[in-house]
Amino acid sequence: MKKITKKTYLKWYEDMLFWRKFEDKLAQVYIQQKVRGFLHLYNGQEAILAGALHVMDLKKDKMITAYRNHVQPIGMGVDPKRVMAELYGKATGTSQGLGGSMHIFSKEHRFYGGHGIVGGQIPLGAGIAFADKYYNNNAVTLCFLGDGAARQGSLHETLNMATNWNLPVVFCVENNGYAMGTSVKRTSSHEDIWRLGLGYEMPCGPVDAMNPSKVAEALDEAISRARAGKGPTFLDLKTYRYRGHSMSDAQKYRTKDEVKEYQKIDPISQVKKVILDKKYATEDDIKEIDQRVKDKVSECEKFAEESDFPEKNVMYDVVYEQEDYPFIPHKL
């Protein structure tokens with residue numbers, strides 16, 4: 001695995017803090033109705049992305065996830081200003097403002113969404129990996145899903161095919177404990193989601209996903225295995241989200257004390273502690289990073305605010321129309 005150094009920790013701190021503040025800003029402008037529709041925030045789960053990016057080969061590896069998908073493309077290299085603009089529904093967004101919160105996408109940076117259908121990305125992730133194997137790209141796909149999506153039949157069908165075809169894919173369950181407002185305890189006879197992989201004879205196991213170094217270690221092993229042609233891995237990334245499932249979530253299914261307990265092991269705080277304990281940076285250095293992050297978020301907001309909405313004709317330009325379609329009479 002690529003060594004975790006002082007530079008790594010400083011990058012993790014700045015990246016994760018930016019993702020957190022980026023999402024906080026989205027929550028703020030959502031209340032102001034500048035962002036509409038659904039909005040699912042990543043607060044608390046940042047260590048997963050930080051650890052993953054450390055061990056991925058961003059020149060060829062790919063990522064696909066569900067609808068909690070704003071910061072992942074930023075990590076993969078997409079301009080955060082364009083992500084913010086997409087959430088605003090602006091023409092400068094990643095999909096010209098037509099995709100919105102749940103459908104961020106970038107072919108250039110190998111980020112394949114952003115999917116609003118629960119579990120819909122799972123077979124697609126295997127399909128991407130199948131293409132890489134077919135074309136000998138030596139690339140690996142990370143397919144992220146929530147603990148709720150682990151109850152979808154598509155997961156089992158995909159795990160079976162991925163193992164049978166030895167696909168270069170890593171299935172990563174972002175297990176934050178709740179499928180919307182339903183706890184893992186209530187949806188299964190056991191809480192160890194990783195055990196689902198045992199039935200398909202693939203490596204699987206739990207990971208402390210509040211710590212980016214633990215995530216990096218587990219994913220490095222899984223990615224290396226996939227790249228070596230040894231097939232998929234199924235990981236249960238134990239994490240926690242501090243905000244609701246979406247902005248409309250009243251969070252009556254958990255207590256404030258429970259949230260506070262998890263905030264004691266906040267991934268950003270953990271990384272900051274390592275930085276200060278090992279004297280990688282001073283408190284003044286940390287303040288400089290904090291200000292840089294604040295300024296960067298403000299730039300994203302300004303860009304989104306000042307961008308134009310797309311022209312109405314753009315909506316029609318991206319809809320397929322076949323004039324001679326044989327089954328629909330043109331004249332009644």
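**The sheet and its surroundings**

Tutor: Helix α2 lies across β1, β2 (141–146), β3 (169–175) and β7, and runs at about 170° to β2. Helix α5 (residues 121–134) lies across β1, β2 and β3, at about 175° to β2. Angles run from 0 to 180 degrees between N-to-C directions, with axes as lines fitted to C-alpha atoms, for helices over the stretch in contact; contact means heavy atoms within 4.5 Å. Helices (H or I, at least four residues) and strands (E, at least two) are DSSP runs numbered from the N terminus.

This is a predicted model, in which local features need pLDDT of at least 70 and side-chain atom pairs count only at pLDDT 80 or more, while totals for chains, interfaces and linings use all residues. Residues are numbered from 1 along each chain as its sequence is written, and side-chain values use heavy atoms, with hydrogens and water left out.

The sheet is open and has five strands in the order β1-β2-β3-β7-β6, with parallel pairing. β1 (62–64) and β6 (204–208) are the edge strands; each has a single partner, so one side of each has no neighbour in the sheet. On average, neighbouring strands are turned by 25° against each other, direction ignored. Strands pair if DSSP finds at least two bridges between them. β6 and β7 (residues 233–238) run parallel and are joined by five bridges, and Val 207 stands opposite Leu 237 in β7.

Asp 192 lies in the loop between α7 (184–187) and β6. Neighbours within four places in sequence aside, Asp 192 is in contact with Asp 236 and Lys 238. Asp 192 and Asp 236 are 44 residues apart in sequence, yet 7.8 Å apart from C-alpha to C-alpha. Asp 192 is partly exposed, with a relative accessible area of 27%; buried is under 20%, exposed over 50%, and partly exposed in between (1.4 Å probe, protein chains only).

A nonpolar core is a set of buried Ala, Val, Leu, Ile, Met, Phe, Trp, Tyr and Cys residues joined through side-chain atoms within 4.5 Å. The largest has 62 residues, of which Trp 19, Phe 22, Leu 26, Val 170 and Leu 219 touch the most other members. α1 gives the most to this core, with 11 residues. A second, separate core of 22 residues includes Ile 122, Leu 145, Leu 155 and Leu 159. Beyond four places in sequence, the contacts of Val 170 include Leu 142, Leu 219, Ile 223 and Leu 235.
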